[in-house]
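Notebook open, pencil ready. I want to look a few things up here and jot them down as I go.

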Amino acid sequence: RFLQSARAPTTQGLPIPGVHPPRPLPDSRIPTPKPKPSARIARVLARRWTCASLSPGRRPRSPSWGQAAAPPCPRARSPGSRGLSRTSANAVRPGQHPGKRSTVAQSRGMGRLHLANAMYRPHVLAQTGELMALGELSDREQAGMIPVFVVPALPWDPQDRRFTRSLTTHLRGLPERIFRARRQAPCYIDVSQLQDPLLPDGMHALMWMASARVRSQGRFLPLVTERSPLLTLDAAARVFERHRDGIGIRVTARGSDADRAMALESMLAIMGANPEDVDLFIDLGSIEREQRLQAILQTYLSGKARWRSVSIGGRDGPESLPDKPGVVASPRQTWTNFRRARALAGQQRTRLPGLFDYAGSPPPIRIADGNEHLRRPVFTYTTEDEILIVQTDALQRRPRSRENRRSLAPLMQRVMSQESFATPIVTDTDWWIANAARGASPAGPTEWSHRSAHRHLRVALHQL
């Protein structure tokens, strides 16, 4: 058609200025034969037709007898190319109704089955840096996990011995920012770090977060621990009674199985829930004995156990850090226990457990000077088998000062000198470290937490 229009450049018999009129056909009843495209144009058209007609999860039809097969559809295209880039966003995905574009919430689903099948449930601090890291993940990565957002504790001023911010100001706008990063998909909420979770009007912070989901068009699931007070358990029970979405319970593997079973039974009785409504989180800690791990799997993942889902994990990092700047390497015991648990579950033919950890947020580590909470900003770099912890006092000054950049450069060079650097995948954090090693990247506590969480989430999802 393009060649015909070039041959006859007229519109409704009106001549175009500067263009000679076409020659009249000898007879209008005799059709003009269409020009045959060249071999290169035929290959391009066949490739575009193949890319536009295929959708993810479907195989191409085999060519008919006597018809040449089309060349394979390329998997990656440049941003300026045509064909696949225009159709991949609107392609029909498996399980999606034709004509509807999918979101993370639609692809993730809102039912119990999807919540039970999530393999990765990271614990993420609901702060600016961690929320930025979560928002940078793709839709496919977001759909492969259900994060647990931990509300951070109120900032404390040790000199005046008071909180520098009220709980109302601390929670203001937090649900909107969480669901903006999560893209309206379901998630858990944990308020165990709040010392006093009651607002001035007497409402519990957990109930306030669950009621704010109506305005944000999201979905919060309460998560409680074995150390949660009765006020928190009562608030979780009211949220569960209102929405019936489920409850998350996190317990530790310390102590005897009888005491843990009694604690779980009393918590279920207080909240009025059944094991089929509970997503269980078991903190293994530093368990290294295979017999102990096998007993836990047999108790909570056997056919008699009725829990909706069971995830194992914990915190990674040393119990103490030296009171000086430097880089400390710590093994990822959580990932090691998870791989062992998956292998044992396959041998015992039990349910496969999920994984939970703390994404780029180190625990309150005891410093050598006796402080129980980690006041010094740290940067964590996650690799396949270990975590590198970088700590410095430079961030307590102006983050973007020249002295700060010069002091951070040698530490980042030490991180790059590790054999496990940029393994098993290369992320944006690696390029940021390379620039920081030359003193070209601004660094601050928010940027450190952002890069730490982004690297950890990408590596964990890649390994899973």
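Is Thr 168 buried, partly exposed or exposed? I looked it up: Thr 168 is partly exposed, with a relative accessible area of 34%. My cut-offs are under 20% relative accessible area for buried, over 50% for exposed and partly exposed in between, using a 1.4 Å probe and protein chains only.

A note on the source: this is a predicted model, where local features need pLDDT of at least 70, side-chain atom pairs count only at pLDDT 80 or more, and totals for chains, interfaces and linings use all residues. Residues are numbered from 1 along each chain as its sequence is written, and side-chain values use heavy atoms, with hydrogens and water left out.

**Entry 1: around Thr 168**

I found Thr 168 in helix α8, residues 167–171. Helices (H or I, at least four residues) and strands (E, at least two) are DSSP runs, numbered from the N terminus. Leaving aside neighbours within four places in sequence, Thr 168 is in contact with Leu 199 and Pro 200; contact means heavy atoms within 4.5 Å. Thr 168 and Pro 200 are 32 residues apart in sequence, and their C-alpha atoms are 7.9 Å apart in space.

**Entry 2: the whole protein**

I noted 18 helices and 15 strands in the protein. Buried residues make up 44% of its 464 residues. Among contacts between residues at least 6 apart in sequence, 73% join residues at least 24 apart.

**Entry 3: two helices**

Next I looked at helix α12 (residues 230–243) and helix α13 (residues 257–271), which pack at an angle of about 55° with their axes 8 Å apart. Axes are lines fitted to C-alpha atoms, for helices over the stretch in contact, and angles run from 0 to 180 degrees between N-to-C directions. α12 and α13 are therefore oblique to each other; under 35 degrees counts as roughly parallel, over 145 as roughly antiparallel, 65 to 115 as roughly perpendicular and the rest as oblique. From α12 the contact uses Leu 230, Leu 233, Ala 236, Ala 237 and Phe 240, and from α13 it uses Met 267, Ile 270 and Met 271.

**Entry 4: the cores**

The largest nonpolar core has 66 residues. Such a core is a set of buried Ala, Val, Leu, Ile, Met, Phe, Trp, Tyr and Cys residues joined through side-chain atoms within 4.5 Å. Among the residues with the most contacts inside this core are Met 271, Ile 282 and Trp 307. Its largest share, 6 residues, comes from α12. I also found a second, separate core of 15 residues, which includes Val 327 and Leu 408.

Leaving aside neighbours within four places in sequence, Ile 282 touches several residues, including Val 251, Tyr 300 and Phe 356.

Which order do the strands of the open sheet take? The order of its 3 strands is β11-β15-β14, with antiparallel pairing; two strands pair if DSSP finds at least two bridges between them. β11 (326–331) and β14 (378–382) stand at the edges with a single partner strand each, so one side of each is left without a neighbour in the sheet. The twist averages 20° from one strand to the next.

β11 pairs with β15 (residues 386–391) over 6 bridges, and Ser 330 stands opposite Ile 387. β14 pairs with β15 over 5 bridges, where Ile 387 is the bridge partner of Thr 382. β14 and β15 form a hairpin with 3 residues between them.

Finally, 5 of the 5 residues in β14 are buried: Val 378, Thr 380 and Thr 382 on one side, Phe 379 and Tyr 381 on the other.
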